Amino acid sequence: WSQHTFTGLAIPSILELKPVADAGPTEPWGNRLSTYDLLRGDSLVAFSLRSAGYEYFHIESGWDASACGNVDVCVKTQWLDEVTWNLLVPSVLGRWLVSTYGSYSVPATLAATESLLDLEDRFDNGKQEYVFAHLLLPHAPLVVNSECEVVDQLDPEPQDFDSESGSDLGPDAYRSQMLCVDSLIQRISGIAGTRTAVMITADHGSTSGDQVGTPPETWTDADIAERFGIFLAYRL
């Protein structure tokens with residue numbers, strides 16, 4: 001189960017080993033800097049492992065919140081990250097960027113996957129190393145097929161990545177994106193040998209009913225189970 005309903009709180013809660021916001025009704029959340037620090041290296045997990053002698057490899061996801069901060073080794077993302085995307089999409093290049101890449105989440109996720117694969121010789125090498133990577137997919141907008149290729153869009157206008165809505169294109173689009181992510185996870189899961197501890201986890205579930213945009217008291221049990229239910233696999 002996820003501790004929170006969206007990424008900006010869910011991943012910090014994983015890295016702090018506890019919820020990072022008080023339960024109960026609140027005003028719209030906006031104090032993001034403190035949680036960004038947790039994402040960027042100032043977390044309990046990172047501090048504990050580094051104190052135990054681990055070298056910290058941080059693989060950027062393309063999302064500005066998880067850019068490198070207090071880390072030992074920074075593995076930078078490709079050029080088309082969130083900041084560059086938001087700068088260029090409103091320009092004359094916007095339609096070309098969307099039709100070519102779909103969203104910055106696509107090249108950023110593929111780049112993070114390749115960065116993990118490039119570190120294969122760091123696993124099971126007898127040294128204490130902590131490797132953190134965040135993949136932006138699966139996530140709206142749904143713009144890739146099962147082969148992780150950008151699909152043709154009827155309306156190539158930029159979509160809001162912060163929007164959690166994924167129901168506008170139907171279940172087939174979501175299923176295709178999940179098949180793409182499955183293939184990436186399969187590749188990643190094979191790089192660590194038996195002496196390496198591995199945890200692969202989602203930070204929150206999907207939102208086929210657009211429940212994230214509705215008041216929590218209106219959520220059904222199915223809405224809650226879908227959004228808080230996550231994929232988790234680990235080997236220790």
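Predicted model: local features only at pLDDT ≥ 70, side-chain atom pairs only at ≥ 80, totals over all residues.
1. Helix α6. The buried set is made up of Ser-105, Val-106, Pro-107, Ala-108, Thr-109, Ala-112, Thr-113, Ser-115, Leu-116 and Leu-117. The elements that cover these residues include β1 (55-59), β2, α5, β3 (129-133) and α7 (170-189).

2. Thr-113 within α6. Thr-113 belongs to helix α6 and is buried, its relative accessible area being 1%. When neighbours within four places in sequence are left aside, Thr-113 is in contact with Leu-135, Leu-184, Arg-187 and Ile-188.

3. The sheet. Three strands make up an open sheet, ordered β2-β1-β3, with parallel pairing. β2 and β3 are the edge strands, each pairing on one side only. On average, and with direction ignored, neighbouring strands of the sheet are turned by 15° against each other. The parallel pairing of β1 with β3 runs over five bridges, and Glu-55 stands opposite Glu-129 in β3. Helix α6 packs on this sheet and touches β1, β2 and β3; the direction of α6 makes about 150° with that of β1.

4. Aromatic pairs. Six aromatic pairs are found in a search of the whole structure. In one of them, Trp-79 and Tyr-101, the ring centres are 6.3 Å apart and the planes stand at 85°, so the arrangement is edge-to-face. Trp-79 is located in the loop between β2 (73-75) and α4 (82-88), whereas Tyr-101 is in helix α5 (residues 94-101); the pair therefore ties together parts that are 22 residues apart in sequence. Tyr-101 is partly exposed, at a relative accessible area of 22%. Trp-79, Trp-96 and Tyr-101 form one aromatic cluster.

5. The pair of Trp-85 and Tyr-104. These two residues form a tilted aromatic pair, with 6.5 Å from centre to centre and 50° between the planes. Trp-85 lies in helix α4 and Tyr-104 in the loop between α5 and α6 (105-118), so that parts 19 residues apart in sequence are tied together by the pair. Trp-85 counts as buried, at 5% relative accessibility; Tyr-104 also counts as buried, at 2%.

6. The disulfide of Cys-68 and Cys-74. The count of disulfides comes to two. In the link of Cys-68 and Cys-74, the sulfur atoms are 2.0 Å apart, and the link is right-handed, with 90° about the S-S bond. Cys-68 is partly exposed, with a relative accessible area of 22%, and Cys-74 is partly exposed as well, with 32%.

7. The disulfide of Cys-148 and Cys-180. Here the sulfur atoms of Cys-148 and Cys-180 lie 2.1 Å apart. The torsion about their S-S bond is about 105°, so this disulfide is right-handed. Cys-148 is in the loop between β3 and α7, and Cys-180 is in helix α7; the pair therefore ties together parts that are 32 residues apart in sequence. Both Cys-148 and Cys-180 are buried. With bonded cysteines counted along the chain, the disulfides of the protein chain follow the pattern 1-2, 3-4.

Methods
Residues numbered from 1 in each chain as written. Heavy atoms only, no water. Phe/Tyr/Trp six-rings, centres within 6.5 Å; stacked < 30°, edge-to-face > 60°. Helix = DSSP H or I, 4+ residues; strand = E, 2+ residues; numbered from the N terminus. Buried < 20%, exposed > 50% of the residue type's maximum accessible area, 1.4 Å probe, protein only. Contact = heavy atoms within 4.5 Å. Pairing = 2+ DSSP bridges. Axes fitted to C-alpha atoms, helices over the stretch in contact; angles between N-to-C directions. Disulfide = S-S within 2.5 Å.
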